[in-house]
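These are my notebook entries on one structure. I set down the items I looked up, in the order in which I took them.

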Amino acid sequence: KTAYEIYQCDWSSDVCSSDLNSDPLRLFEPRFLELAQRYASEPTSIDAVQWLAESAQGGRVFDAGLAIIERHHVESRKMVELCTILVFRKSPGIEKLMLAVATNNPHRDVQGLAYLSLARYFKYLRNTAERVHNGNERTLKNLNQNYSDEMQKWIRSTDPAALAKRIDALCDRVIDQYGDVEHGHGTLADAAEALLFDMHAIGSVAPDIDGEDIEGARFRLSDYRGKVVLLYFWSEF
């Protein structure tokens, strides 16, 4: 049976409809964790934790589910799907699980994807931490409404600069050791290079250019600092 089918069998009458209507996902979290614990060594536990990955709040229940996967299933190919989902979540246990998959999964493509997923996860977490540190009202409101005090403290303590360095190191590792692995419409190297470009090129200062304009006069891009500049590149074959 799938985790959902087992959950339906285990449904008890002590949960009233008013509780479900108020916040049903929060009521499901401990029950899916219980499923993962009860069937820890079976594929059902992966299904249960995947539900947590898709729907649960970050924190202790969420991380307890990830810990079960770390103990019993890091060698499974199903870690590809789970790591992909976890990229867009926030919880301390995510880093530990992804590193365990990257280190212990026997499949090279899964290892590489786990490292890439960890880099993407760090980028997502870094963006949130930067907005929090900059006092972004919308992010702070979301934090207060949707996360426990413990999780808020963890996110506020995150160092965006330190995460940026780790993202660079992870991307370099993917390119060097797993770059040839097919991923999507390209390779893991393509995905890692795109992530590095997004980290460092978009919104950053353009490198200085020294050349000739259309009239043959020498110029440097830095001469136009503070002005709007359109760079147009072409080549002749």
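**Entry 1: terms and basis.** I take helices (H or I, at least four residues) and strands (E, at least two) as DSSP runs, numbered from the N terminus. I am working with a predicted model, in which local features need pLDDT of at least 70 and side-chain atom pairs count only at pLDDT 80 or more, while totals for chains, interfaces and linings use all residues. I number residues from 1 along each chain as its sequence is written, and the side-chain values use heavy atoms, with hydrogens and water left out.

**Entry 2: contacts across the sequence.** I began with Phe32, which lies in helix α3 (residues 24–38). For burial I use relative accessible area: buried is under 20%, exposed is over 50%, and partly exposed is in between (1.4 Å probe, protein chains only). Phe32 counts as buried because its relative accessibility is 2%.

Gly59 sits in the loop between α4 (43–55) and α5. Its relative accessibility is 11%, so Gly59 is also classed as buried. Between Gly59 and Tyr147 I find 88 residues of sequence separation and a C-alpha to C-alpha distance of 8.3 Å.

Arg120 belongs to helix α8. With 29% relative accessibility, Arg120 is partly exposed. Arg120 and Val87 are 33 residues apart in sequence, yet 6.0 Å apart in space, C-alpha to C-alpha.

**Entry 3: salt bridges.** How many salt bridges does a search of the whole structure find? I count a salt bridge where a side-chain nitrogen of Lys or Arg is within 4 Å of a carboxyl oxygen of Asp or Glu. The search returns eleven. I examined three of these pairs.

Asp109 pairs with Arg77, with 3.0 Å between the closest N and O atoms. This pair links distant parts of the chain, 32 residues apart: Asp109 is in helix α8 (residues 108–133), and Arg77 is in the loop between α5 (60–72) and α6 (79–86). Asp109 is partly exposed at 29% relative accessibility, and Arg77 is partly exposed at 44%.

Arg108 and Asp180 form a salt bridge with an N to O distance of 2.6 Å. This pair too links distant parts of the chain, 72 residues apart, with Arg108 in helix α8 and Asp180 in the loop between α11 (160–178) and β1 (182–183). Are Arg108 and Asp180 partly exposed or exposed? Arg108 is partly exposed because its relative accessible area is 37%, whereas Asp180 reaches 54% and therefore counts as exposed.

Arg220 meets Asp210 in a salt bridge at 3.5 Å, N to O. Arg220 is in strand β4 and Asp210 in strand β3 (residues 210–212), ten residues apart, and I note that this pair also links distant parts of the chain. Arg220 has a relative accessible area of 37% and is partly exposed; Asp210, at 47%, is partly exposed. Salt bridges with shared partners join Asp210, Glu212, Arg218 and Arg220 into one network.

**Entry 4: pockets.** Rolling a probe the size of a water molecule over the atoms shows where empty space is left. On a 1 Å grid over the protein atoms alone, where a 1.4 Å probe fits, I take a pocket as an open set of points with protein on both sides within 12 Å along at least five of seven lines; lining residues have an atom within 4 Å of a point. Points are joined across faces, edges and corners, and a volume is the space filled by probe spheres set on them.

The largest pocket holds about 410 Å³ of space. Which residues lie nearest its centre? They are Glu212, Phe219, Leu230, Leu231 and Tyr232, out of 15 lining residues. I sort linings by class: Ala, Val, Leu, Ile, Met, Phe, Trp, Tyr, Cys and Pro are nonpolar, Asp, Glu, Lys and Arg are charged, and the others, Gly among them, are polar. The lining of the largest pocket has twelve nonpolar, one polar and two charged residues.

The second largest pocket has a volume of about 220 Å³. Its lining includes Val205, Asp208, Tyr224, Arg225, Val229 and Leu231. By class I record seven nonpolar, two polar and three charged residues there.

**Entry 5: Leu231.** Leu231 lies in the segment after β4 (218–220). Leu231 is partly exposed because its relative accessibility is 41%.
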